[in-house]
Amino acid sequence: SSGINAEWPLRPGEQHCCGLEDFYPPSEHYDLVWLQWVIIYLSDHDFITLLQRLQKSLAPGGLIIIKDNISCDSDCIPDYDDSSVTRSHRILQEIISKAGLELVHTQEELNFPKELYPLRYYVLK
């Protein structure tokens, strides 16, 4: 047995084709929201308001997980070629706080290549 229930969907139940700044999820709908390598393309304002909307979309006990690279500096590092910004751990914590979420856990990825920006996980509720 593969361990996968035959009723388990092989594809996501929902797909949304829109920018994150325009995504308005239904209330109390998701057990888990996973954001991976996308927050770098949002302004601070759009990031904060997205987190607030996602918090409202969580079912009781639900979590938001952010997986993204962070800058080693205490500030942000803009990339003008791809219109992104890599934020520091401190700035991400400030944004999470401004959005009204609780940081439950954070952890840096171990054994990540040293030539890349560090990778960190944030678990929010």
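This is a predicted model: local features need pLDDT of at least 70, side-chain atom pairs count only at pLDDT 80 or more; totals for chains, interfaces and linings use all residues.
Residues are numbered from 1 along each chain as its sequence is written, and side-chain values rest on heavy atoms, with hydrogens and water left out. The protein holds two helices and six strands, where helices (H or I, at least four residues) and strands (E, at least two) are DSSP runs numbered from the N terminus.

**Overall fold**

- Read from the N terminus, the elements follow the order β-α-β-β-β-α-β-β.
- Of the 125 residues in the protein, 34% are buried, a term that stands for under 20% relative accessible area, with exposed meaning over 50% and partly exposed the range in between (1.4 Å probe, protein chains only).
- Among contacts (heavy atoms within 4.5 Å) with a separation of 6 or more, 61% are between residues 24 or more positions apart.
- The accessible surface of the protein is about 8,300 Å², and carbon and sulfur atoms account for 52% of that surface; the areas come from the Shrake-Rupley method with a 1.4 Å probe, and for residues only the protein chains shown count as cover.

- Phenylalanine 47, when its neighbours within four places in sequence are left aside, is in contact with Ile39, Leu42, Ile66, Arg87, Leu92 and Ile95.
- In soluble globular proteins, nonpolar side chains tend to be buried together.

**Helix 2**

- In helix 2 (residues 89-98) the buried residues are Ile91, Leu92, Ile95 and Ile96; they fall within an arc of 140° when seen down the helix axis, and so they line one face of helix 2, the arc being that of the directions from the helix axis to the C-beta atoms.
- Ser97 and Lys98 are exposed on the other side of helix 2.
- The cover over the buried residues of helix 2 includes helix 1 (44-57), strand 5 (103-108) and strand 6 (119-124).
- Glycine 100, which follows helix 2, has a positive phi near 85°.

**Strand pairing**

- Strands count as paired if DSSP finds at least two bridges between them, and strand 1 pairs with strand 2 in the parallel sense over six bridges, with leucine 35 opposite isoleucine 66 in strand 2.
- Strand 2 is mostly covered, since nine of its 12 residues are buried.
- Strand 2 and strand 6 run antiparallel and are joined by six bridges, one of the pairs being isoleucine 65 with valine 123 in strand 6.
- Strand 5 and strand 6 also run antiparallel, joined by five bridges, and here histidine 105 has valine 123 of strand 6 as its bridge partner.
- Five of the six residues of strand 6 are buried, so this strand is largely enclosed by the rest of the structure.

**Serine 57**

- Serine 57 lies in helix 1 and is buried, with a relative accessible area of 0%.
- A polar atom of the side chain of serine 57 lies 2.7 Å from the backbone oxygen of leucine 54.
- Beyond its neighbours within four places in sequence, serine 57 is in contact with Pro25, Pro26, Ser27, Glu28, His29, Tyr30 and Val33.

**Threonine 106**

- Threonine 106 is part of strand 5 and, at 24% relative accessibility, counts as partly exposed.
- Not counting residues up to four places away in sequence, threonine 106 touches His89, Arg120, Tyr121 and Tyr122.
- Its side chain makes a polar contact with the side chain of arginine 120 at 3.1 Å, a polar contact being a pair of N or O atoms within 3.5 Å of which, within protein, one must be able to donate a hydrogen and the other to accept it, with residues adjacent in sequence counted only if both atoms are side-chain atoms.
- The side chain of threonine 106 also reaches the backbone oxygen of tyrosine 121 at 2.8 Å.
- The C-alpha atoms of threonine 106 and isoleucine 65 are separated by 9.5 Å, and the two residues are 41 apart along the chain.
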